[in-house]
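Trainee: Could you walk me through reading a protein model, one feature at a time?
Mentor: Gladly; let's look at it together.

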Amino acid sequence: MSRFYEHLVEGESASESLHQAMKWMRKNGFTQVSQWASFTLIGDDVRLEFGAPEKETPTE
């Protein structure tokens with residue numbers, strides 16, 4: 001999951017982030033399908049913007 005979130009924070013879409021995480025797992029010793037194939041994306045393929053929340057400006 002940490003690989004998934006690393007890619008998501010970098011601005012990749014959810015599906016691409018999941019793909020990259022699964023690819024990393026296969027290359028790093030998780031060779032059995034049961035170790036990485038259970039992760040699925042349900043819902044929209046979104047990109048999330050992480051960062052500091054915008055400050056509200058007071059209205060007069």
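Mentor: Read along the sequence, this protein follows the pattern α-α-α. Helices (H or I, at least four residues) and strands (E, at least two) are DSSP runs, numbered from the N terminus. By that count there are three helices and zero strands. Please keep in mind that this is a predicted model, where local features need pLDDT of at least 70, side-chain atom pairs count only at pLDDT 80 or more, and totals for chains, interfaces and linings use all residues. Residues are numbered from 1 along each chain as its sequence is written, and side-chain values use heavy atoms, with hydrogens and water left out.

Trainee: What is the mean pLDDT of the protein?
Mentor: pLDDT is the predictor's confidence in each residue, from 0 to 100. Here the mean is 84, and 85% of the residues reach 70 or more. Among the elements, helix 2 (residues 14–27) has the highest mean, 92, while helix 3 (residues 33–36) has the lowest, 84.

Trainee: Which residues of helix 1 are buried?
Mentor: Buried means under 20% relative accessible area, exposed over 50%, and partly exposed in between (1.4 Å probe, protein chains only). In helix 1 the buried residues are Phe 4, His 7 and Leu 8. Seen down the helix axis, they fall within an arc of 100°, so they line one face of helix 1; the arc is that of the directions from the helix axis to the C-beta atoms. Helix 2 is among what covers them.

Trainee: Why does His 7 count as buried?
Mentor: His 7 counts as buried because its relative accessibility is 18%. Contact means heavy atoms within 4.5 Å. Leaving aside neighbours within four places in sequence, His 7 is in contact with Glu 12, Ser 17 and Gln 20.

Trainee: Where is Glu 12?
Mentor: Glu 12 sits in the loop between helix 1 and helix 2. With a relative accessible area of 21%, Glu 12 is partly exposed. Not counting residues up to four places away in sequence, Glu 12 touches His 7, Ser 17, Gln 20, Val 46 and Arg 47. Glu 12 and Val 46 are 34 residues apart in sequence, with their C-alpha atoms 8.7 Å apart in space.

Trainee: What span should helix 2 have?
Mentor: The expected span of a helix is 1.5 Å times one less than its number of residues. For the 14 residues of helix 2 that gives 20 Å, and the end C-alpha atoms are 20 Å apart, which agrees. Just after helix 2, Gly 29 takes a positive phi of about 95°.

Trainee: Which residues form the largest nonpolar core?
Mentor: A nonpolar core is a set of buried Ala, Val, Leu, Ile, Met, Phe, Trp, Tyr and Cys residues joined through side-chain atoms within 4.5 Å. The largest one has eight residues: Phe 4, Leu 8, Ala 14, Leu 18, Ala 21, Met 22, Met 25 and Trp 36. Helix 1 and helix 2 are the elements that give two or more residues to this core, and helix 2 gives the most, with five residues.

Trainee: What covers the buried residues of helix 2?
Mentor: The cover includes helix 1 and helix 3.
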